[in-house]
Amino acid sequence: MTTWTPAPITLTWPLEHDGNRLEALTLRPVTKAEYDEHVVPLDNGTQQFVAMATLATGLPEKVIKQLKRPDFNSLAAWLREMSGKSADEFREITDPDAPELLVPITGDDGRQIDQVTLEVPGLEATILMEKKPNLEDQNWFINIHCTGLSRSELGRLSLPDWNQIQARITRFLADTGDCFRGVTSTR
């Protein structure tokens with residue numbers, strides 16, 4: 001399986017960085033853990049996009065701040081798309097219960113994980129989830145339960161992969177059994 005690589009963003013107004021002329025920005029998807037650590041704590045929307053831009057481009061904040069506003073707007077539009085869409089909007093997902101990852105991750109044990117097999121939670125698991133003290137802990141609990149991944153492994157998922165898994169788990173928790181007949185496995 002290949003890793004999804006976003007197309008570069010061509011700059012209308014090239015930048016200088018470390019003695020090189022940057023005519024395009026090479027991009028990579030931001031992970032869930034990076035997003036939680038560097039973007040969520042910021043209050044200002046522009047600062048959130050600057051933080052995400054430094055993660056996605058690998059460029060320092062001072063270089064990102066040199067972008068002309070229209071080029072920054074192009075980058076921000078891509079960041080919104082990458083952080084807000086599910087993996088199936090970038091590549092076809094043939095099995096919603098065992099999606100191939102856009103960006104494979106390395107597991108805690110060193111193995112490469114390129115697909116996540118989701119398990120439909122039983123009632124007991126959701127009762128245990130509801131006993132967690134807050135929504136964040138409930139979310140992590142049910143994600144760990146349904147994916148079999150650890151919290152750190154979940155944090156390594158690209159945002160589109162995270163969003164894909166979230167959407168499916170939300171369906172498991174909210175939809176009736178009729179919605180899954182003939183279109184899902186019995187996991």
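Contact here means heavy atoms within 4.5 Å. All views show a predicted model.

**View 1**
Asn143 is buried, and its relative accessible area is 0%. Beyond the neighbours within four places in sequence, Asn143 is in contact with Gly148, Leu154, Trp162, Ile165, Gln166 and Ile169. A polar atom of the Asn143 side chain also lies 2.7 Å from the backbone oxygen of Asn139.

**View 2. The buried side of helix α5, residues 123-130.**
Ala125, Thr126 and Met129 are the buried residues of this helix. They span an arc of only 95 degrees around the axis, so they sit on the same side of α5. The cover over these buried residues includes α6 (135-147) and α8 (159-174).

**View 3. The face of α5 turned away from its buried side.**
This face carries exposed residues. They are Leu123, Glu124 and Glu130.

**View 4. The hairpin formed by β1 and β2.**
Strand β1 covers residues 9-17, and strand β2 covers residues 20-25. The two strands run antiparallel and are joined by five bridges. Ile9 stands opposite Leu25 in β2.

**View 5. The turn of the β1 and β2 hairpin.**
Two residues lie between the strands. Asp18, in the turn, has a positive phi of about 50 degrees.

Terms used:
Residues are numbered from 1 along each chain as its sequence is written. This is a predicted model: local features need pLDDT of at least 70, side-chain atom pairs count only at pLDDT 80 or more; totals for chains, interfaces and linings use all residues. Side-chain values use heavy atoms; hydrogens and water are left out. Buried means under 20% relative accessible area, exposed over 50%, partly exposed in between (1.4 Å probe, protein chains only). Helices (H or I, at least four residues) and strands (E, at least two) are DSSP runs, numbered from the N terminus. The arc is that of the directions from the helix axis to the C-beta atoms. A polar contact is a pair of N or O atoms within 3.5 Å; within protein, one must be able to donate a hydrogen and the other to accept it, and residues adjacent in sequence count only if both atoms are side-chain atoms. Two strands pair if DSSP finds at least two bridges between them.
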